[in-house]
Amino acid sequence: MNNLVKSDVSILMVEDNPRYLAELQEWLKEISGFAGVTLQPAAGAHGEFTGVLMMAAYHKQRGDTKRTKMLIPDAAHGTNPASAGMLGMSVVTIPSDERGNVDLKALEAACDDTVVGMMVTNPNTLGMFDEHIEKVVKLVKDCGGLMYGDGANLNALLGIVRPGDLGFDVMHFNLHKTFSVPHGGGGPGSGPVGVSERLLDFLPSPLVGIVEEGDDDIEPLYGFVTPKHSIGRMKAFHGHFGGGLVRAYTYIAMHGPDGLKDIAQYAVLNANYLQARLRDTYKIPYDRICMHEFVMEGRFEGSDIRALDISKRLMDYNFHPPTNYFPLIVHEALMIEPTETENKDTLDAFAEALIKIAGEARENDLQVFQSLGSIHGARHPGHHARIGIHRVAEIDHAVGGVVGMQDHVQQASLSLVSDARNPGHGPGGEHPVLNQPQPPWPLGDEDPAVGRRHHGPGAFQPLGDGLHAEGTG
Ligand SMILES: Cc1ncc(COP(=O)(O)O)c(C=O)c1O
């Protein structure tokens, strides 16, 4: 397969490519329990937009034009309300109950004949499988709405539960989260969308399909087909062909049905193991058996240290920091999502680093948090005095804080690159990012306090993915 092939015409000229796409569509249908799948959308958010567009087209085609409200739980990823909002719908936020489920009473009160549908992530961003999901689906359907599934967390369900069987009408897959496709720094992703029978005719065009049936001797001929009431084209071609679709195809083929189930079971086991190890050290506000992730608070009574400081400190221990400040309903959220691929040694080392950091935080020794924190300090003089002031509003951090952190890390990488290339260009120079204090260890030495290696100019290694703070979710 040629991952450089981009256009519709050339892709069809590469023998077998359409067949691979068709097979991937079929596998995704089988995995999710949906009747049809489009591979077009380029990412999860793009898949959401595609799905909500189909929901709107469905109601419109039936002449049901008063439906303008999208119901979305407060634990949802920000792309959910954004997708509905981009289509001019009004968003009604449904609170979560104390166990992290959709609050059924609030949902019931919001259900009426103006509801387009509901967008639900299950398991949700707290890592909780909704204990009343069937009731949620029924309430929405009884008022004529459609159920949208945010499939970003599908890795927790593979081979165990199929959203189509639960009654969802449409769902995007984040191929880049479930089938090993990387999603560092926001992309590139791949967000195919699955639909139930009633949305089949609205799928984007073109779909990969059989244009001439085969027989015992001849393979079917694959090509492009257009659904009857298609919402049209969402992208020039199908997803990210090489990096996304081919990779997901390969991952699914390699694992097979039993292996897919293992993915879900290991992801859930790993998250529950970490949750059990950290439960006595960090506050976990929704503390019950979790799915592939759980969310804990990055703050301690009497300490000024917060989630962002803990994440930066984790980098000192050579760990990729978790998602910060999301979901919004957990204060100082640290979302821990280990995935299926981590082994017990790594999980233990990660838990021990977090336990050690909690000890440091409780001592409230701000100096300890200044190593990578100085990156922040360089751009915001007085940052360390600011540690205690903190967080104007959670939303500010969910949007600006995380982006801001990426910015800081990027700036830090840049400064280190610049440091490495210009050994004479030391701290305190005119480069704004380099206005940071000289590290307290000689460059290139081992810091005995935490056993980490600090690379001097000659030994520079870019911070790279390992230190790259991801966006939310
Ligand atoms: C729950 C959830 N929904 C939607 C998205 C959006 O996916 P993407 O980043 O591919 O646009 C994410 C991504 O982080 C997510 O975690």
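This is a predicted model: local features need pLDDT of at least 70, side-chain atom pairs count only at pLDDT 80 or more; totals for chains, interfaces and linings use all residues.
In what order do the three strands of the open sheet stand, and is the pairing parallel or antiparallel? I looked this up before anything else. The order is S10-S12-S11, and the pairing is antiparallel. S10 (294-297) and S11 (323-324) sit at the edges with a single partner strand each, so one side of each has no neighbour in the sheet.

I followed S10 along its partner. S10 and S12 (residues 333-336) run antiparallel and are joined by four bridges. Within that pairing I found Val-295 opposite Met-335 of S12. Then I checked the loop between S11 and S12, where Glu-332 is found. Glu-332 is not a glycine, yet its phi is positive, at about 50°. I flagged that because most residues other than glycine have a negative phi.

**Entry: confidence**

How far does the predictor trust this model? The average pLDDT for the protein is 79, and 74% of the residues score at least 70. I marked two stretches to treat with care. Over residues 1-13 the pLDDT stays under 50, and the model has 20 contacts beyond four places in sequence for them. Residues 373-473 also stay under 50, with 125 such contacts in the model.

**Entry: the seven-stranded sheet**

Next I went to the other open sheet. Its seven strands come in the order S1-S7-S6-S5-S4-S2-S3, and the pairing is mixed. At the edges I found S1 (36-38) and S3 (90-94), each of which pairs on one side only. Neighbouring strands here are turned by 20° against each other on average, direction ignored.

S5 (residues 146-151) and S6 (residues 170-173) pair in the parallel sense over four bridges. In this pair, Gly-151 stands opposite Phe-173 of S6.

Which strands does helix H3 touch as it packs on the sheet? H3 (residues 44-61) touches S4 (115-121), S5, S6 and S7 (193-195), and its direction makes about 165° with that of S6. Helix H4 (residues 79-86) packs on the sheet too, touching S2 (69-73), S3, S4 and S5. The direction of H4 makes about 175° with that of S2.

**Entry: cis peptide bonds**

One joins Asn-122 and Pro-123, with omega about 0°. Pro-123 is in the loop between S4 and helix H6 (133-142). Another joins Ser-205 and Pro-206, with omega about -5°. Pro-206 is in the loop between S7 and strand S8 (207-212).

**Entry: H2 against H9**

On to helix packing. The axes of H2 (residues 17-32) and H9 (residues 241-278) are 10 Å apart, and the helices pack at an angle of about 45°. That makes H2 and H9 oblique to each other. Their crossing is left-handed. From H2, the residues in the contact are Tyr-20, Leu-21, Leu-24, Trp-27 and Ile-31. They meet Leu-245, Ala-248, Tyr-249, Ile-252 and Leu-260 of H9.

**Entry: H9 against H11**

What angle do H9 and H11 (residues 344-363) cross at? Roughly 30°, with the axes coming within 10 Å. Why call them roughly parallel? Angles under 35 degrees count as roughly parallel, so H9 and H11 qualify. The crossing of H9 and H11 is right-handed. H9 puts Asn-270, Tyr-273, Leu-274, Arg-277 and Leu-278 into the contact, and H11 puts in Leu-347, Ala-351 and Leu-354. I sorted the contact of H9 with H11 into six nonpolar residues, one polar and one charged.

**Entry: H10 against H11**

H10 (residues 307-316) and H11 cross at roughly 125°, and their axes come within 10 Å. H10 and H11 are therefore oblique to each other. H10 passes H11 in a right-handed crossing. Ile-310, Arg-313 and Leu-314 of H10 meet Ala-353, Ile-357 and Ala-361 of H11. The contact of H10 with H11 divides into five nonpolar residues, no polar and one charged.

Technical notes: Residues are numbered from 1 along each chain as its sequence is written. Axes are lines fitted to C-alpha atoms, for helices over the stretch in contact, and angles run from 0 to 180 degrees between N-to-C directions. Helices (H or I, at least four residues) and strands (E, at least two) are DSSP runs, numbered from the N terminus. Angles under 35 degrees count as roughly parallel, over 145 as roughly antiparallel, 65 to 115 as roughly perpendicular and the rest as oblique. A crossing is left-handed if the near helix is turned anticlockwise from the far one by less than a right angle, and right-handed if clockwise. Two residues are in contact if their C-beta atoms, placed from the backbone, lie within 7 Å. Two strands pair if DSSP finds at least two bridges between them. Ala, Val, Leu, Ile, Met, Phe, Trp, Tyr, Cys and Pro count as nonpolar, Asp, Glu, Lys and Arg as charged, and the others, Gly among them, as polar. pLDDT is the predictor's confidence in each residue, from 0 to 100.
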